[in-house]
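Biologist: Please bring up the model. I want to ask what stands behind each label.

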Amino acid sequence: MAATSDSVFNSDLLLAHKLPETQYTYNERDVAIYALGIGACGQDAVDSDELKYVYHENGQEFIQVLPTFASLVTLGSLTKGLDLPGFKYDPSLMLHGQQYIEIYRPLPSKANLINKVSLAGLQDKGKAAILEIEIKSYEQGSEELLCMNRTTVFLRGAGGFSNSSQPFSYKNYPINQGLAVKIPKTQPAVVSEERTQLSQALLYRLSGDYNPLHSDPKVAKVAGFPRPILHGLCTLGFAIKAIIKCVCKGDPTAVKTISGRFLTTVFPGETLITEMWLEGLRVIYQTKVKERNKAVLSGYVDIRGLSSSL
Ligand SMILES: CCCCCCC/C=C/C(=O)SCCNC(=O)CCNC(=O)[C@H](O)C(C)(C)COP(=O)(O)OP(=O)(O)OC[C@H]1O[C@@H](n2cnc3c(N)ncnc32)[C@H](O)[C@@H]1OP(=O)(O)O
């Protein structure tokens, strides 16, 4: 513990703090708007691999839900920044660092969810702090866990709050979950390419992440960017949609676990190339921006089974 005041770092105060439960209610319309936000049917409006996320001939209750839709449950708790006693940071300098998602059963096309929110980690990296928030989501009235998200937020300028000879480091989850992956040196088994639209972030934000970093040029400049950047979860949505199409035979329920680390920013309008390697039931992936030949996202997806044609 460094001090007792609320304005300086106080690990006792912080670790004892209970984060409030939140609710997230969604329906088929939210599911379809989300799918459009991560590029479904963006290149071909009748692509049967993607139309199923947006439209169903027998009624919208039959549309399929992408597993990354689960990440939206975190928005109410995180986008404006959390008010944490004993730890201060500037929310305008927050960047999304990593996302880890476990899906325990296929997401329904509508639901009322109760989210149990907790602090999962805080690390002092000197120039930055790394804050991790875990959200376990239950369908209202049920004890059954539907999904779990762990969001890592990279807080620029918020490091150096603890003793530099023994920097503060707290993590309450298994070390093997969501580790940064090693990209194989071999050729990828599959490669997929998809262009984002110049308006991609403006469309994606309608799913509930209204942070002006993604829409307002003045706010983007204050945060250090020449123009608004794409939401990390939008890039992740594009990558996982490509993996479902190319590796899971288009079955979104095949995905069990998703891990992704945001390596550098993506600007709306850029083309995303996702490279995939298969290691048993794990797909290692890396997404690059074609125009800058830069890796922007890497991670893995654990799946329930593999297509025999791969
Ligand atoms: C649901 C919303 C959540 C809240 C989000 C808040 C608002 C923002 C929303 C967004 O969507 S922002 C867009 C998506 N994110 C990005 O574009 C970020 C892309 N990544 C980067 O720009 C850089 O990776 C970085 C995060 C600025 C870090 O680069 P930097 O060069 O400063 O770090 P390093 O010197 O390499 O590493 C220092 C230290 O930190 C660890 N680390 C590095 N990157 C990450 C990361 N992405 N996630 C977690 N941890 C990271 C790295 O391992 C080093 O630690 P040690 O190895 O020294 O222990």
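The talk below sets labels against their definitions.

Modeller: This is a predicted model, where local features need pLDDT of at least 70, side-chain atom pairs count only at pLDDT 80 or more, and totals for chains, interfaces and linings use all residues. Residues are numbered from 1 along each chain as its sequence is written, and side-chain values use heavy atoms, with hydrogens and water left out.

Biologist: What makes Glu139 and Arg105 a salt bridge?

Modeller: A salt bridge is a side-chain nitrogen of Lys or Arg within 4 Å of a carboxyl oxygen of Asp or Glu. Glu139 and Arg105 have N to O at 2.7 Å.

Biologist: Why is Glu139 called partly exposed?

Modeller: Buried means under 20% relative accessible area, exposed over 50%, and partly exposed in between, with a 1.4 Å probe and protein chains only. Glu139 has 22%, so the label is partly exposed. Arg105 also has 22%, so Arg105 is partly exposed.

Biologist: What makes Glu134 and Lys136 a salt bridge?

Modeller: Their N to O distance is 3.9 Å. That is within 4 Å, so the pair counts. The labels of the two residues are set by area. Glu134 has 11%, so Glu134 is buried. Lys136 has 32%, so Lys136 is partly exposed.

Biologist: How do you know that Glu275 and Lys288 tie parts of the chain together?

Modeller: The closest N and O atoms of Glu275 and Lys288 are 3.6 Å apart, in a salt bridge. Glu275 lies in strand β9 (residues 271-279) and Lys288 in strand β10 (residues 282-289), so the pair joins parts that are 13 residues apart in sequence. At 14%, Glu275 is buried. At 22%, Lys288 is partly exposed.

Biologist: What makes Leu36, Leu203, Leu206 and Tyr210 a patch?

Modeller: Patch residues have over 30% relative accessible area and no salt bridge; like charges are joined within 9 Å, and nonpolar side chains (Val, Leu, Ile, Met, Phe, Trp, Tyr) within 5 Å. These four form a nonpolar patch on the surface, with about 340 Å² of accessible area together. The area comes from the Shrake-Rupley method with a 1.4 Å probe; for residues, only the protein chains shown count as cover. Take Leu206, in the loop between α5 (200-204) and α6 (217-222). Leu206 has 48% relative accessibility, so it counts as partly exposed.

Biologist: Asp209 is placed in the loop between α5 and α6. Is Asp209 buried or exposed?

Modeller: Buried, because its relative accessible area is 10%.

Biologist: Why is Leu122 called buried?

Modeller: Leu122 has a relative accessible area of 0%, so the label is buried. Leu122 lies in strand β3.

Biologist: What makes a space a cavity rather than a pocket?

Modeller: Both are sets of points on a 1 Å grid over the protein atoms alone. In a cavity a 1.4 Å probe fits but cannot get out; a pocket is an open set with protein on both sides within 12 Å along at least five of seven lines. Lining residues have an atom within 4 Å of a point. Grid points are joined across faces, edges and corners, and a volume is the space filled by probe spheres set on the points.

Biologist: How many cavities of 30 Å³ or more are found?

Modeller: Two, in a search of the whole structure. Of its 17 lining residues, the closest to the centre are Gln98, Gln99, Tyr100, Gly178 and Ser259.

Biologist: What is the volume of the largest pocket?

Modeller: About 870 Å³. It has 44 lining residues, and the closest to its centre are Leu95, His96, Gly97, Gln98 and Thr152. The largest share of this lining, six residues, comes from β2.

Note on methods: Helix = DSSP H or I, 4+ residues; strand = E, 2+ residues; numbered from the N terminus.
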